[in-house]
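Please keep the sequence and the 3D view at hand.

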Amino acid sequence: MVKLALRSGLRWKVSLAIAAVGALVAVALSLVVHNAARVSMLNSARDVMDSRVQIAQRFYESSGGKLMLRAKLDDPALPKPLREAADLGQRATYLQDSGSGAPEVWASVPLRNGKILSIHNRFDDRFDILDDLDRALIIGSVSVVLGGTALGILIGGQLSRRLRKASVAARRLAEGETDVRVRDAIGGRVRDETDDLARAVDGMAEALRSRLEAERRVTADIAHELRTPVTGLLTAAELLPPGRPTELVRDRAQAMRTLVEDVLEVARLDGFAERAEMQDIELGEFVLRRVRAFLPEARVRVLREAYVSTDPRRLERILGNLLANAAKHGKTPVEVTVEGRVVRVRDHGSGFPEELLKEGPSRFRTGSADRAGKGHGLGLTIAAGQARVLGARLTFRNADPTGPGGGGAIAVLWLPESSPTDTSTFPIIQVPD
């Protein structure tokens with residue numbers, strides 16, 4: 001089952017929130033105003049009908065039984081509550097809602113002769129005014145909602161822009177641009193929580209940079225201090241008499257020397273101090289010659305030739321490490337494919353460990369035992385670091401076991417179209433799916 005994750009921007013969330021609050025407030029106020037206006041109109045109509053029935057009563061009594069204002073005596077349609085009030089000798093008013101239109105307003109008064117004088121009216125003109133008021137309230141409510149939405153878009157857009165700038169600056173910081181500061185990137189005179197977030201990210205980045213720099217210096221110092229005694233050990237091993245023990249000592253001493261050199265190289269790459277010496281080369285011919293020198297049994301295919309501007313020494317280092325990794329941890333055949341500016345190195349072993357595919361190469365972590373039981377995990381780390389110096393990108397994936405040629409590990413080097421001018425800023429290469 002595929003789950004679809006819907007992502008909505010902060011601008012629209014703020015806009016919807018303000019619009020929803022505005023709609024609730026507008027509806028609540030409209031209901032309050034409507035009910036207050038209706039109650040006021042009904043009370044006013046009751047007062048008018050009460051005054052009229054009193055006038056009709058005085059005219060009836062003074063004129064000897066004449067009626068006015070469309071008054072009636074003992075109206076058969078007189079509501080029951082008014083009859084009950086008349087039986088108690090009380091003048092009263094009553095609202096009779098017929099369900100459509102304005103309610104009918106009744107007023108009645110008991111006469112001395114025992115009859116009940118009553119009048120009634122609908123006051124349609126007054127309730128037409130109430131309909132006009134309702135329309136005005138609806139228009140006002142819609143205006144409030146639209147205005148709130150526009151305000152939300154404005155406020156949310158400003159906050160969203162600041163957060164996007166912060167995320168871009170943080171991403172550049174993560175890619176190695178140590179001089180980037182999130183607080184400078186968001187800018188503006190507005191001071192809000194995004195400034196606190198930017199300060200926190202900048203502080204964390206500075207602390208992390210300082211810690212990494214300290215660790216890099218310690219690693220480089222240790223490796224540098226080890227270089228002299230390891231060189232002396234290797235020289236002393238050369239003076240030992242021939243034999244199997246001597247070969248073991250020389251082999252281990254050489255392995256230690258290689259490890260020290262690799263650690264020093266990693267430290268230099270981590271310090272972003274390396275600079276590429278660019279030359280124009282024919283990529284296919286270059287790769288063919290280097291693969292024949294490193295791993296003669298590997299298969300090389302040049303699908304499309306291309307001229308690239310790169311550092312041949314660093315490119316050779318990358319190819320050597322990828323081929324050594326394929327030969328040591330994979331299975332034959334090892335295939336190298338050149339297609340334009342893209343170089344692929346594939347073996348037919350068990351594939352890269354999941355940790356490497358998720359997090360990338362890591363020093364001193366060799367992955368699963370079936371692929372990297374030996375080594376120190378520095379080969380791919382150095383290859384990735386050298387690719388960064390070249391402005392290239394090195395990616396890793398596993399081949400589909402059910403596809404052509406079976407499974408295996410695939411390392412892909414994407415060389416840039418333009419040369420990097422600085423190891424801290426390099427072209428971003430669009431990697432196709």
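The largest cavity has a volume of about 50 Å³. The model is predicted. The count of cavities of 30 Å³ or more comes to one. Eleven is the number of residues that line the largest cavity: the lining has 11 residues, and Leu322, Asn325, Val345, Phe352 and Ala411 lie nearest its centre. Which elements give two or more residues to this lining? They are H8 and S11. By class, the lining holds eight nonpolar residues, one polar residue and two charged residues.

**The chain as a whole**

The protein chain has 10 helices and 11 strands. It runs to 433 residues, and 35% of them count as buried. Take contacts between residues at least 6 apart in sequence: 63% of these join residues at least 24 apart.

**The five-strand sheet**

What is the strand order in the open sheet of five strands? The order is S6-S8-S9-S11-S10, and the pairing is mixed. Strand S6 (299–304) and strand S10 (393–398) are the edge strands, each pairing on one side only. From one strand to the next, the twist averages 15 degrees.

S6 and strand S8 (residues 335–339) run parallel, joined by five bridges. Within this part of the sheet, Arg299 stands opposite Glu335 in S8. Helix H7 (residues 283–294) packs on the sheet. H7 touches S6, S8 and strand S9 (342–346). The direction of H7 makes about 165 degrees with that of S8. Helix H8 (residues 312–329) also packs on this sheet, where it touches S8, S9, S10 and strand S11 (409–414). The direction of H8 makes about 25 degrees with that of S9. H8 and S11, in contact here, are also the elements that give two or more residues to the lining of the largest cavity.

**The four-strand sheet**

An open sheet of four strands has the order S1-S4-S3-S2. Its pairing is antiparallel. The edges are strand S1 (72–73) and strand S2 (92–96), and each of them pairs on one side only. How many bridges join S1 to strand S4 (residues 116–121)? There are two, and the strands run antiparallel. Lys72 stands opposite Ser118 in S4.

Two helices pack on this sheet. Helix H1 (residues 10–62) touches S1, S2, strand S3 (104–110) and S4. The direction of H1 makes about 35 degrees with that of S3. Helix H2 (residues 80–87) touches S2, S3 and S4. Its direction makes about 170 degrees with that of S2.

| H7 (residues 283–294) | S8 | about 165 degrees |

Arg341 lies in the loop between S8 and S9. Is Arg341 buried, partly exposed or exposed? Its relative accessible area is 26%, so Arg341 counts as partly exposed. Buried would require under 20%.

Leave aside the neighbours within four places in sequence. Arg341 is then in contact with Leu283, Ala306, Tyr307, Val308, Leu413, Trp414, Leu415, Pro416 and Glu417. Glu417 is 76 residues away from Arg341 along the chain, yet their C-alpha atoms are separated by 7.9 Å.

**Backbone geometry in the loops**

The peptide bond from Thr332 to Pro333 is cis, with omega near 0 degrees. Pro333 is found in the loop between H8 and S8.

Arg70 lies in the loop between H1 and S1. Phi of Arg70 is near 55 degrees, a positive value in a residue other than glycine. Arg70 counts as exposed because its relative accessibility is 68%, and the cut-off for exposed is over 50%.

Asp74 sits in the loop between S1 and H2. Its phi is positive too, at about 50 degrees, although Asp74 is not a glycine. Asp74 has a relative accessible area of 35%, so it is partly exposed.

Key. Residues numbered from 1 in each chain as written. Predicted model: local features only at pLDDT ≥ 70, side-chain atom pairs only at ≥ 80, totals over all residues. Heavy atoms only, no water. Pairing = 2+ DSSP bridges. Axes fitted to C-alpha atoms, helices over the stretch in contact; angles between N-to-C directions. Contact = heavy atoms within 4.5 Å. 1 Å grid on protein atoms, 1.4 Å probe; cavity = no way out; pocket = protein on both sides within 12 Å on 5 of 7 lines; lining within 4 Å. Points joined across faces, edges and corners; volume = space filled by probe spheres on them. Nonpolar A, V, L, I, M, F, W, Y, C, P; charged D, E, K, R; others polar. Buried < 20%, exposed > 50% of the residue type's maximum accessible area, 1.4 Å probe, protein only.
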